[in-house]
Amino acid sequence: MSPEVLGLVMVGLLVVAIFLGFPLAFTLIILGFVFGYLGFGQLVFDLMVFQGYGLMKEVSLAAVPLFVFMGYVLEQSGIMERLFRAFQTIMAPVRGSLYLAVLLTGTLFAAATGIIGASVTVLGMMAVPAMVRSRYDTRMAAGVICGAGCLGQLIPPSVMLVVMGPVLGISIVHLFAAAVVPGLLLSAIYIAYAMARSFLQPHVGPPLALEERFGSTRMMVREFLLGMLPVTALIFAALGSILAGIAAPTEAAGVAALGSVVLAILYGQFTWARLKEAVYRTLRVTTLILFLAFAALFYGAVFSHLGSANLITEWMLGLPLSPFMMLVLLMLVINLLGWPLEWPAIILIFLPLFLPTILKLNIDMLWFGTLVAVNLQTAFLTPPVALAAYYLKAVAPEWTLSDIYIGMLQFQVWQVVGLVFLLFFPDLALWLPKLLYGYVPR
């Protein structure tokens with residue numbers, strides 16, 4: 001059996017193992033080691049060591065635990081609750097006011113931290129009781145909460161973008177800038193859909209009852225300022241300093257992590273037990289991401305050394321498709337991969353397989369990376385894996401998974417609409433990098 005065919009067999013076994021439910025990281029390492037040894041002998045040991053050293057020298061990945069830690073501290077600080085209550089009260093007389101409050105809160109919080117589990121959980125804890133009391137449509141409410149909570153996966157500073165940058169070989173700063181407008185566009189589409197449904201079908205999102213509102217304008221303004229100012233400060237510290245060129249992503253993540261601790265202290269929510277929990281949860285998430293990154297890099301290196309990557313590239317380039325249609329095909333494949341897989345697996349395993357084809361087609365890598373980022377939001381909103389559904393189900397046990405799934409799928413449709421906009425109008429992603437850094441597309 002030739003080395004190229006050996007690599008294709010390795011990919012086939014990986015797909016089978018994924019659908020059988022084997023642990024992904026260990027499967028990647030075992031398959032890489034076995035097929036690497038069969039293909040080029042003891043060189044596979046050196047390859048494993050070099051990939052490990054290469055990952056450890058990737059300085060930008062140090063931002064991952066810092067952003068994750070910031071998210072878990074903010075989850076416990078009470079800032080998100082204050083911001084939600086302020087939006088809830090300001091918009092109370094409007095139909096769909098709770099939808100609007102959830103989406104605005106989720107968008108602002110996404111620009112401060114990109115922890116999806118924390119955002120969906122906190123939004124669910126805040127919004128579900130009020131939505132149930134106000135007789136909001138369950139499916140629509142579930143879709144709004146999950147959609148708003150998942151915006152943090154795309155809107156910088158996103159952990160997904162930090163991981164994606166080194167894989168694609170592009171600047172994380174440029175990737176952050178490119179993702180801002182598409183992220184806000186998705187938020188605007190969600191808001192337009194939720195408000196249109198509420199106005200056309202009043203039973204879906206009625207105005208809030210008087211007892212759900214604050215008693216005075218002064219209290220409403222106070223809650224809004226106490227919620228808005230800290231979030232704005234964190235956005236400037238985490239995202240503003242990166243886009244302005246004041247700090248590198250890792251430096252900005254460190255400042256933002258410290259800022260989240262300071263805010264928790266100022267709000268009286270800082271305790272040793274909560275700090276310990278945030279550190280432990282950060283350690284678990286970071287370890288999973290980095291261990292999977294090492295396993296995927298090793299697997300990918302074995303695949304490339306076997307020559308299978310060139311075989312796949314030549315096959316894809318031989319298809320009778322224009323570069324644009326090839327890009328559409330790749331987006332469709334990535335979308336389908338998002339149904340059974342989470343974003344780390346897709347970025348670290350499958351994206352490197354597509355990379356040679358993208359380079360040969362001279363497609364702008366920053367535009368491609370932004371398209372992938374928008375596409376991968378589906379990983380949190382597509383059953384059966386859809387982690388956002390399980391986060392929401394945990395805080396809303398009275399809602400059935402079927403209702404949550406149906407609500408999420410409505411917003412997945414709008415994600416596809418946003419992706420189509422980005423496909424036909426690349427400047428949605430490239431405008432801000434051009435403006436800030438003079439970026440020149442390929």
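Me: What does R281 form with E277, and how far apart are the closest N and O atoms?
Reply: R281 makes a salt bridge with E277, with the closest N and O atoms 3.4 Å apart. The rule for a salt bridge is a side-chain nitrogen of Lys or Arg within 4 Å of a carboxyl oxygen of Asp or Glu.

Me: Before I go on, what kind of model is this, and what pLDDT do local features need?
Reply: It's a predicted model, where local features need pLDDT of at least 70 and side-chain atom pairs count only at pLDDT 80 or more, while totals for chains, interfaces and linings use all residues. Residues are numbered from 1 along each chain as its sequence is written, and side-chain values use heavy atoms, with hydrogens and water left out.

Me: Okay, back to that pair. Which helix do R281 and E277 lie in?
Reply: Both lie in helix α13, 4 residues apart, about one turn of the helix. Helices here are DSSP runs (H or I, at least four residues), and strands are E runs of at least two, numbered from the N terminus.

Me: Is R281 buried or exposed?
Reply: R281 is buried, at a relative accessible area of 18%, whereas E277 is partly exposed at 38%. The cut-offs are under 20% relative accessible area for buried, over 50% for exposed and partly exposed in between (1.4 Å probe, protein chains only).

Me: How many salt bridges does the rule give?
Reply: The count is 3. One of them joins the side chains of D403 and R139 at 2.8 Å, N to O. D403 sits in helix α20 (residues 401-424) and R139 in helix α8 (residues 138-150), so this pair ties together parts 264 residues apart in sequence. K434 and D427 also meet in a salt bridge, at 2.9 Å, N to O. K434 is partly exposed at 33%, and D427 is partly exposed at 44%.

Me: Changing topic: which residues of α3 are buried?
Reply: V44, L47, G52 and L55.

Me: What covers the buried side of α3?
Reply: The cover includes α2 (24-40) and α13 (272-305). α2 has its own buried residues, among them L24, L28, L31 and F35, and what covers those includes α1 (3-20), α3, α13 and α16 (343-360).

Me: How many residues are in the largest nonpolar core?
Reply: 170, and F368 and L392 have the most contacts inside it. Helix α10 (residues 172-200) gives the largest share, 14 residues. A nonpolar core means buried Ala, Val, Leu, Ile, Met, Phe, Trp, Tyr and Cys residues joined through side-chain atoms within 4.5 Å.

Me: What is L392 in contact with, neighbours within four places aside?
Reply: V120, G124, V128, A142, I145, C146, W399 and I404. Contact means heavy atoms within 4.5 Å.
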